[in-house]
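Trainee: Hi! Could you walk me through this protein while I have it open?
Mentor: Happy to. Let's bring it up.

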Amino acid sequence: MTEIHMPRLSDTMEEGVISTWRKQVGDQINRGDVVADIETDKAVMEMEAYDDGVLEKILIAEGETVPIGVPIGIMGDGSGAAAAAGTSGGGSDGSTGGSATTAASSESGSTETASPDTAAPRSAASTESDADPRERPKASPLARAVAREKGVDLSTVTGTGPGGRIIRVDIEAAAEATTDTESSRQSAPEPQPTERSESHQQSQDLEEIPLSNIRKVTARRLTESKQQAPHFYLTSAVDVTDLVSFRSDLNERLQASGGPKVSVNDLVVKACATALRANPSVNVSFRDEKLFQHNRVHLGVAVALDSGLVVPVIPDADRKSVSEIAAEGKEKAERARDGKLKPDEMSGSTFSVSNLGMFGIEEFSAVINPPEAAILAVGATREEVQVHDGEFVVRKMMRMTLSADHRAVDGAVGAVFMQQLTSLLQDPIRIIA
């Protein structure tokens, strides 16, 4: 008998969610096969098999959360003996095995002598579809959890997320449509409002949404950041009229040569990396009462997901061209939205950029992503009337706010960094020089 345990897939992972079982009871598993998708604190990742065998029992159903080290499945020779032995009490180890043992026991009993397929604890997934799980539509872990809660069949839902992925709002819309349809079929008039109906209305007004692991970790880390790091903020208004024109010309040249387009944010990221190389006192971390200066510049670029906030990292951004930053940033953002980014691609950043300009936000202050010492918040570009040489002129303006940890960065140091960053963005040829 070989137990499959919840693996540790990131340094900060303490528990994982079975997002999808890729193998079903009775399937042959070879070493290196992808057995399941696991939602960690950072992403949904593939779990590979370390041994050969036949999956005889699934101990933890899709959507359930268990600590690392807990058995989640049993492999054997396919006879079912391993599953029976595991269920009879010889399987899990110590305290971490408690929840898995409980889950296994609850699924045993009258079904234990049936075939391995019928013995599998598939009740949690049965509301989604009776079809082959490997053919299920793409859906976020949060959408799957809400679908189970509301009894919505994922195969009947059209996804509106990236690549047709089903997201939470799709499930809520489907559940509401089902409720409306059922209501219209009721021929008898509803009774007069009672205390029960008022209670039902109150329950509909308040809905608990299951937290994804990513959102749990985001909440914990950013709360610690706000509580432990004394933030201060520096805001600059940048005249990006020339930057916008420069970007347009650059994209025409890149398109003509078959290269990828660059965004204003790509130019901001490159300018940040250049300014950090020139001002290493901002490229630092404060932890354990010590100050560390990073010799390399790794830029984190915040990406908002349905399940929370992730920050893919562009390593050595100061040594890369704007085109390389644009291509790498786009590719990692797409994989982050699909939950395919690896933990090491979201670790090791020394400074982060968060841009909400595409939503029309003029300016905001971001929370520092620890253990970094600073983060830049970028707002939208807007036309404003400015005074130049004693005359009113219309210019394109963009506001940026640096949030800095005062334990690691002094106000004057942050101000010099912002001054240099502003200078680069207002003279964009220097960004690629």
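This is a predicted model: local features need pLDDT of at least 70, side-chain atom pairs count only at pLDDT 80 or more; totals for chains, interfaces and linings use all residues.

Trainee: Do strand 16 and strand 17 run parallel or antiparallel, and how many bridges join them?
Mentor: They run parallel, and four bridges join strand 16 (residues 351-355) to strand 17 (residues 374-388).

Trainee: OK, and what about strand 17 and strand 18, how many bridges there?
Mentor: Strand 17 pairs with strand 18 (residues 391-405) over 13 bridges, in the antiparallel sense. To find one of them, look at Ala 374, whose bridge partner in strand 18 is Ala 404.

Trainee: What happens at the turn, say at Asp 389?
Mentor: Strand 17 and strand 18 form a hairpin with two residues between the strands, and Asp 389 takes a positive phi near 55 degrees there.

Trainee: Which residue has a positive phi in the hairpin of strand 10 and strand 11?
Mentor: That would be Asp 288, with phi near 55 degrees, and this hairpin has two residues between its strands. Strand 10 (residues 284-287) and strand 11 (residues 290-293) run antiparallel, joined by four bridges. Val 284 faces Gln 293 across that pairing.

Trainee: New topic! What's the strand order in the open sheet of four strands?
Mentor: The order is 1-8-6-3, and the pairing is antiparallel. Strand 1 (2-5) and strand 3 (28-29) are at the edges with a single partner strand each, so one side of each has no neighbour in the sheet.

Trainee: How is strand 3 joined to strand 6?
Mentor: By two bridges, with strand 3 and strand 6 (residues 53-58) running antiparallel. Gln 28, for example, has Val 54 of strand 6 as its bridge partner.

Trainee: Let's do a helix. How many residues does helix 7 have?
Mentor: Helix 7 (residues 213-228) has 16 residues. From first C-alpha to last it reaches 22 Å, close to the 22 Å expected at 1.5 Å a residue.

Trainee: Which of its residues are buried?
Mentor: In helix 7 the buried ones are Asn 213, Ile 214, Val 217, Thr 218 and Ser 225. Looking down the axis of helix 7, they fall within an arc of 130 degrees, so they line one face of the helix.

Trainee: And what covers the buried residues of helix 7?
Mentor: The cover includes strand 2 (15-21), strand 4 (34-39), strand 9 (231-239) and strand 14 (308-310).

Definitions and conventions:
Residues are numbered from 1 along each chain as its sequence is written. Side-chain values use heavy atoms; hydrogens and water are left out. The expected span of a helix is 1.5 Å times one less than its number of residues. Buried means under 20% relative accessible area, exposed over 50%, partly exposed in between (1.4 Å probe, protein chains only). The arc is that of the directions from the helix axis to the C-beta atoms. Contact means heavy atoms within 4.5 Å. Two strands pair if DSSP finds at least two bridges between them.
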